[in-house]
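Here are my notes on this one, point by point. Have the model open while you read.

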Amino acid sequence: MFCGSSMGVQPAYQQAALAMGEALARRELGLVYGGGNVGLMGTIADATLAAGGEVIGVIPDFMVAKEIAHAGLTQLHIVKSMHERKTMMAQLSDAFVALPGGYGTLEEFCEVLTWAQLGLHQKPFGLLNVNGYYSPLLKFFDQAVTEEFLRPINRSLVLEASEPENLLDLLANYQPQYVDKWIRKEVKP
């Protein structure tokens, strides 16, 4: 799970994080996330734990030093770098979801999405599009297809729903489609 270390301005973001945490626990799905106790990160972890779910955090040591590590998780892995964090989170996860967030959320989501495009894994991806938060990003992905910077089959890697239960259903029913050749060389006059 990738999400903001702040709450954002709309109460719907916090409500979505609470609902997602409860839905994960209800479905007996564990949460793997960045290990923080602040913002939407802390909210989804607390909600999952309160509903009886398992929560695994992965946090770099420099963030622990700033006292933002969540102390009440099922497991907390402390790693040396952001790169190590992303690698471990990807290894521990069966799917990837982004709730609203900023640069870090987008960077982490897009990196593991690129890994799927390259064929390094076949795990599903979802954006929880709370109040249309990710609509501009989805429009960008569609524009990348129109401009032929992204193939339609790779655009289809990103699933989207506005409600946690709907997104979890999409992820559960995901069928990976791997394209062996993801780059084509074209010569234009």
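Predicted model: local features only at pLDDT ≥ 70, side-chain atom pairs only at ≥ 80, totals over all residues.

1. Overall layout. The protein chain has eight helices and six strands.

2. Of the 189 residues, 44% count as buried. The accessible surface is about 10,200 Å², and 54% of that belongs to carbon and sulfur atoms. As for contacts between residues at least 6 apart in sequence, 65% join residues at least 24 apart.

3. Charges. I get 14 positive and 20 negative side chains in the protein chain. The centres of the two sets lie 9 Å apart.

4. Aromatic pairs. How many aromatic pairs are there? The count comes to six. One of them is Phe-2 with Phe-96, a stacked pair at 6.2 Å centre to centre and 0° between the planes. Phe-2 sits in the segment before helix 1 (11-26) and Phe-96 in strand 4 (residues 96-98), so this pair ties together parts that are 94 residues apart in sequence. Another is Tyr-133 with Tyr-134, which is edge-to-face, with 4.9 Å between centres and 85° between planes.

5. Phe-2 and Phe-96 are both buried. They also belong to one aromatic cluster along with Phe-109 and Phe-125. The cut-off for buried is under 20% relative accessible area.

6. Two residues to look at for backbone angles. Most residues other than glycine have a negative phi. Asn-131 has a positive one, near 50°. Its place is the loop between strand 5 (125-128) and helix 6 (135-146). Asn-131 is exposed, with a relative accessible area of 52%. Glu-148 also has a positive phi, about 60°, although it is not a glycine. You'll find Glu-148 in the loop between helix 6 and helix 7 (152-155). At 53% relative accessibility, Glu-148 counts as exposed. For both, the cut-off that applies is over 50%.

7. Pro-164. This proline lies in helix 8 (residues 164-172). Pro-164 is buried, with a relative accessible area of 6%. What does Pro-164 contact, leaving aside its neighbours within four places in sequence? The list is Ala-16, Ala-19, Met-20, Ala-23 and Leu-128. For a sense of distance, the C-alpha atoms of Pro-164 and Gly-52 are separated by 17 Å, and these two residues are 112 apart along the chain.

How values were computed
Residues numbered from 1 in each chain as written. Heavy atoms only, no water. Phe/Tyr/Trp six-rings, centres within 6.5 Å; stacked < 30°, edge-to-face > 60°. Helix = DSSP H or I, 4+ residues; strand = E, 2+ residues; numbered from the N terminus. Buried < 20%, exposed > 50% of the residue type's maximum accessible area, 1.4 Å probe, protein only. Contact = heavy atoms within 4.5 Å. Areas by Shrake-Rupley, 256 points an atom, 1.4 Å probe, with all protein chains shown as cover. Lys, Arg positive; Asp, Glu negative; His and termini not counted. Charge placed at Lys NZ, Arg CZ, Asp CG, Glu CD.
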